[in-house]
Structure formats: structure tokens, C-alpha cells
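Please look at the sequence and the structure together. The paragraphs below go through a few parts of the structure in turn.

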Amino acid sequence: MNENNEKIGKIEKKPALQAVKGMNDILPPDSSAWEWFEGRARELLGRYGYANVRTPIVEPTALFARALGQVTDIVEKEMYSFEDAKNGDRLTLRPENTAGVVRAMNERSFLREGGKRLYYMGPMFRHENPQKGRYRQFHQVGAEALGFAGPDVDAELILMCRALWRELGLVEGRDVRLELNSLGQPDERLAHRQALIAHFEAHQHLLDAEALRRIHSNPLRILDSKNPAMQPVVESAPQLMSFLGEASLAHFKAVCSVLDAVGLSYRVNPRLVRGMDYYNLTVFEWVTDRLGSQGTVCGGGRYDALIEQLGGKPAPAVGWGMGIERLLLLLKELELLPPVQPPAVYAVVPSAGVMGVAMSTMEALRAHGVSVLMHAMGPAGPARIRTQFEKANDSGARYALVFGDDEVARGEVSLKNLRDASVLQRAFPLHQVDQWAADLLQAG
Ligand code: ATP
Ligand code: MG
């Protein structure tokens, strides 16, 4: 009864809706750091000749099962997979974008014309435990070089990361460090795998449940265990590096010697393995000590068999993926994020009568590249001038442009420097806006 009465008297208050757990809104002012980062990355990737690709966020589930491997964390437990209720298709929100890029290239036989250097940016989805630096929707920038077999391109991709760190103000070796390994070729891995299985079988009493489960399905992945109690048995395991043949070693040495030549320091980490099964030869990670256990900001490597595995004409490839959230967290911690840019000009519009003139002038300024934020009217018309000036100051704008009735009647508008009270207010002729707009731009 009571409930009914309440419904009659007022509109029923609905419970507030919330975003899906682990999926974040990116709102101002934070979004400006995202745009800044994406802009720098895009520009830099362009300078290395990488072109943008945008593939769908939803892909057939079979793509990831086939590309990443059935017994990987991602495929086993992290994918957002569902059935399309309309037609029964089995679909998945992409957990990574290398598989999608390869699918797209294969579909159009894009590599017929030779190698392709590509990059992407966008959201990825993994059903993980949300924590700092780990989310269910997160974002990556990724670069992929398809159709190139040589160690030179491995090095190029790694160097692109270093160039990006430098542009962002990160110091390599201190803020981010490079770890490098070679996973060799499948037959070499097979021999190593037998040795690993024998090692883990001999030390079963030292393994946790997850490792026990993986002894035969994916023993390599045990090496990646974060369980401190298992470190001794992991550390004493046979190393893949000693199973590599001449060609694999030569490839690895060639990558190292380019990095040496350009003065990039790295640590060879023989235990570095990656979360997807498609990698061979070079694998690497850029890591930081400042983000706890979410310390990998970028990971990549060679995946020479993947193109063929997904039905394409065999071609080698190499690439990396970078977590944007983690990078922004790191940049924030190091106070390397740029301040949000305020508008150059805040337009104070005291009366409705000057609106036409004010609008034309603001439009002209914006057409010249000057950013102008207008004080918008309320339901009862323009706010008091004092209120407008307060807002102008709060906005952080350098100038207030005042369209006072008297000034406009004289064919003028006045410009007040909000950052420096000692600068006298100046009047500018409205019909010459094209001329003083340029001065405003220069003044920044
Ligand atoms: P981790 O070992 O931290 O789970 P990963 O090996 O699963 O990382 P990759 O699949 O190689 O990660 O993805 C490349 C990069 O994307 C990672 O180095 C990281 O910066 C970022 N990343 C991966 N998963 C997440 C996530 N759930 N939330 C935020 N960033 C992520
Ligand atoms: Mg992971």
C-alpha cells in the first residue's frame, strides 16, 4: 500500500545505473592525458612508417582459440565470449588485437604486395580481477610488422618504444627497462618442453595446484608463475636458451647487436615467456618497478607461424602491445603528464543584444585557431558581469574578451589579461578581428 502511495505522489526514483565492474569511464580532465598520449604515439608511429588499422572489437571466438592457444590464461578464463542470440554465432570481445590484424590481412591477401607496418589503438577485454593497472576493459596501442623475417625489424620495433619513452619524458633503464629472450623455433621448444616436463615431474611436491595441472598441457607457462614458493623449482628448470639451434641463436644475437650498436641496454631474461602461444624467436617486455605486480607496460615478440596458422600464405611477423592505462599511471606517478590546456580566451557576453556580434567575432577567432570558451546564458538571459568574470578566472583562460554594450556600439571589443593584472585592458576594432587574432595566437 505504502509503496503504491509513493508511486502516485512523485516519480519513482530508479536505482542509479553503474558501469560494468572493471570497465572505466574516461572523463575530463583525465581524458586530456589520454588524447595527449594517443597523439604522441600516433605521430611517432607515423614517423616510422606504421599505418593505422582498425579492426572490429567483436571477432569470431574461434579466431582467438586458434591464434592464442587453448591452454592460455586468456582463452581458458579471461575471454568475454557469448552467443549472438539472433543467429547463434559464437563471438568474443577481442582480448588482444594481433589475431584480428592478421585475420584482416589474410582476408584480403594484403601481404601479396610485400610487408606491412601497421598500428592500432583501442579497447581490449579480459575477465580479470580488477586492481590498479589491471582492468576488464583496458586499452592498448599496438604495432605489428607483417611479412618481415629479419632481426632488423625486431630491433626497429623495440627502438620505437624507446623513442616513445623519450618523447614522454621516461628514462629507459631507470623508469622502464627492457627484458629480452628468445623462444626459438617449435622443434627447439619441443626438446626443451620434454626436459621441462621431466624437471617438473621430478619436483612435483614443490608445485602448486595450477602448475600441477599444467605440467603436461603447458609446462612453459609454469615458468611465468608469480607464486613466490615456486621460485626455486622454476629457477632451477632447464633453460630454453641452451636448446636453441644455430639459426635461432644467430637471430637473437643479431637483435642484441643492433641494440648494442644504438646504445640501448637490456637484460637477457631466459625465463621470459609470453601469455600467448603464437610467439617464436625474439620476445621482449618493457617493465617498470613503479606499478607493483602490474609492472609490464609493453610486451611483444615474433610470431612467424601465426599468419599461416590463421589460414594465410606463410609469412613472418613481429609486433608489440602496450597498455595505455599502465603507462598513464606511470607517467602520473612520475609527474610527467602535461597540464590540461585551458582555453586562450573566455568570452564575457553581458547582454543578449550583443550576441550576434559576439558570436561572429568568436567564430572568426576560432577559425584562426584561437580557442574561445563562451559564457553561456542562463534561462533568464546573460549572467551578471561579475559572475562571468569569476568563471573566466576559474577557466584558466589567458584573456577575457568583453563584449560590453558601449564597446560594441563603438565597433570595439575589449581584451583583459587575466593572468597579469599590470597589463592594461585594450580595445580592438571588431571589423579587424582577422588581424588581432594572429597576435592572440602568437601570445599563446
Ligand atoms: P600481465 O602479465 O600483466 O597480465 P599480459 O602478458 O597478459 O600482461 P599482454 O597480453 O602482453 O599482457 O598485453 C600487452 C600489455 O597490455 C601488457 O603489458 C599490459 O601493459 C597491458 N595489459 C594486459 N592486460 C591488461 C589488463 N587486464 N588491464 C590493463 N592493462 C593490461
Ligand atoms: Mg595477463
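In this predicted model, helix α11 is followed by G263, whose phi is positive, near 70 degrees. Helices (H or I, at least four residues) and strands (E, at least two) are DSSP runs, numbered from the N terminus. Residues are numbered from 1 along each chain as its sequence is written, chains are lettered from A and ligands numbered from 1 in the order in which they are written. Local features need pLDDT of at least 70, side-chain atom pairs count only at pLDDT 80 or more, and totals for chains, interfaces and linings use all residues.

Helix α11 itself covers residues 246-261. Its buried residues are S248, H251, F252, V255 and L259, where buried means that 20 or more other C-beta atoms, placed from the backbone, lie within 10 Å of the residue's own, and exposed means 12 or fewer, with partly exposed in between. They lie on the same side of α11 because they cover an arc of only 95 degrees around the axis, taken from the directions from the helix axis to the C-beta atoms. On the other side of α11, the exposed residues are E246, A247, A250, S257, D260 and A261.

Elsewhere, strand β3 (residues 80-83) pairs with strand β4 (residues 90-93) in the antiparallel sense over four bridges; pairing requires that DSSP finds at least two bridges between the strands. F82 has L91 in β4 as its bridge partner.

Ligand 1 is surrounded by 18 residues, each with its C-beta atom, placed from the backbone, within 6 Å of the ligand.

Technical notes: Expected span 1.5 Å × (residues − 1).
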